[in-house]
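Hi,

Here is the structure I said I'd pass along.

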Amino acid sequence: TLRKPISQSSMADWASKNLNMHTQGIFRRRISVSNMLSWNGGSIKKPMLITSNRTIKKEACEMFKLVQSYMGDRQTRMDRNHVALVTVTKCWSTQGLRDELYIQLIRQTTDNTCYRSLAWGWELMAISLAFFSPSPKFQSYLEGYIYRHLDSDENIAQRIKELVDLKNKKNSKSRKKRKQNTEDEGLPISTYAKYCYRKLQKVAVTGGKKGLRKPTVEEITHARNAILTPSLFGSSLEEIMLRQQDMYPSNKLPWVQTQLSQQVLALGGEQTEGIFRIPGDIDEVNALKLQVDQWRIPSSLSDPNVPASLLKLWYRELEEPVIPQQFYKECISNYENPDAAVAVVQLLPELNRLVLCYLIHFLQVFAQPSNVGRTKMDVNNLAMVMAPNCLRCQSDDPRVIFENTRKEMSFLRMLIVHLDTSFIKGLV
């Protein structure tokens, strides 16, 4: 479901207050807001957004050249992957550059008469959203811009034609200056916009790439591929099963779920103190996530906390939780009644039921007294760390969230203790 973004007038108001208005000509006339936010083939002498930070003032102008290079509007010796890597790393390392990059991309994808350049600008926006979010004050502006392009393909083609015709009337040689291209080269802009819209919602919550290791070329490539090929993380269960249809057509469960669960056990997770409570090294978890998204499990894993952390992340990032939202009230209403709690599981859609039963069966291994003595993770601790990954409270009221958290934990505890999952054994 799409939230209604801020209005066009609110966006114009935001721009007038936050844009670092540029000047031109010998009389240093101020450029209008519309020109400030329209494609520019030249360089810029100062940042697009108001800032007092000297580093950002300098880096912003260099970054504009990188944006132009990625979009094919400026010649460079670097390949586009490397240009994207340098751009993303600058912003990932320096928080103050992030909004600057997004406003530069908004500018370069507005009234752009070259479709290929336009598509590459949107592609760079999609890649950037895989690594960092805009600031909270800029998020609604970016959201509004993306929202306007969700179904805009016909309008964009018409707008390009109008701009090209206008330019040709003014200057018959203009076609030689810059290749005009109204033909579709690549994906429709709405495809990028829809991806960016979903990605923005998620990155605003998760905060983007964490850890100490800088972005890599592999992560850039993966972020670009994700535009067309949905990730195994952050998608719906149905999308994930559809993706694995070609490789594992007979599997009843998501490959990512079973593989990561088996890795935790293979590395002795059921004998590891604090399993699921102690996080794995964040950079190792990121590296494993990249591999898993390419259907690979590396043989070099040694710490069970790494696949355990990624498994929790997979459950947590599902587009809809394992226990769908329409069953949430029933779950927290039956948190003390074993029979009613088990009955809720039987009402779930078949795929959700199997995925949940597999998880409970997996947790029941850790709940065995012989393992609890080693892990120090009894059934209450297991329910506490796993409940937020299976159930999502929709309320914004802290009191409701606090009260429901206790009920969510109790509900999951009921399932670990009372749900018969023997049928799951051997199922993949």
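This is a predicted model: local features need pLDDT of at least 70, side-chain atom pairs count only at pLDDT 80 or more; totals for chains, interfaces and linings use all residues.

Of the 428 residues, 50% count as buried. If you take the contacts with a separation of 6 or more, 78% of them come from residues 24 or more positions apart.

On annotation, UniProt has an unreviewed entry that puts "domain: Rho-GAP" at residues 235–423. In the model that span is 61% helix and 0% strand, and its end C-alpha atoms lie 27 Å apart.

Helix 3 (residues 54–70) and helix 5 (residues 98–108) have axes that come within 10 Å and cross at roughly 45°, so helix 3 is oblique to helix 5. The crossing is right-handed. On the helix 3 side, the contact is made by Ala60, Met63, Phe64, Val67 and Gln68. Helix 5 brings Glu100, Leu101, Gln104, Leu105, Arg107 and Gln108. By type, the residues of this contact split into 6 nonpolar, 3 polar and 2 charged.

Leu105 is worth a click while you're there. This helix 5 residue counts as buried because its relative accessibility is 0%, and the cut-off for buried is under 20%. Which residues does Leu105 touch, leaving aside those up to four places away in sequence? They are Val67, Gly121, Leu124 and Met125. As for Trp120, Leu105 is 15 residues from it in sequence, with 10.0 Å between the two C-alpha atoms.

The other pair is helix 18 (residues 350–366) with helix 21 (residues 398–418). Here the axes come within 9 Å and cross at roughly 75°. Angles of 65 to 115 degrees count as roughly perpendicular, and these two helices are therefore roughly perpendicular to each other. Leu356, Ile360, Leu363 and Gln364 from helix 18 meet Leu412, Leu415 and Ile416 from helix 21. That contact divides into 6 nonpolar residues, 1 polar and no charged.

So that you have the two side by side: the contact of helix 3 with helix 5 includes 2 charged residues, while the contact of helix 18 with helix 21 has none.

Cheers

Definitions and conventions. Residues are numbered from 1 along each chain as its sequence is written. Side-chain values use heavy atoms; hydrogens and water are left out. UniProt positions are given in the numbering used here, feature names are shortened, and annotations may be inferred rather than shown by experiment. Helices (H or I, at least four residues) and strands (E, at least two) are DSSP runs, numbered from the N terminus. Axes are lines fitted to C-alpha atoms, for helices over the stretch in contact, and angles run from 0 to 180 degrees between N-to-C directions. Angles under 35 degrees count as roughly parallel, over 145 as roughly antiparallel, 65 to 115 as roughly perpendicular and the rest as oblique. A crossing is left-handed if the near helix is turned anticlockwise from the far one by less than a right angle, and right-handed if clockwise. Contact means heavy atoms within 4.5 Å. Ala, Val, Leu, Ile, Met, Phe, Trp, Tyr, Cys and Pro count as nonpolar, Asp, Glu, Lys and Arg as charged, and the others, Gly among them, as polar. Buried means under 20% relative accessible area, exposed over 50%, partly exposed in between (1.4 Å probe, protein chains only).
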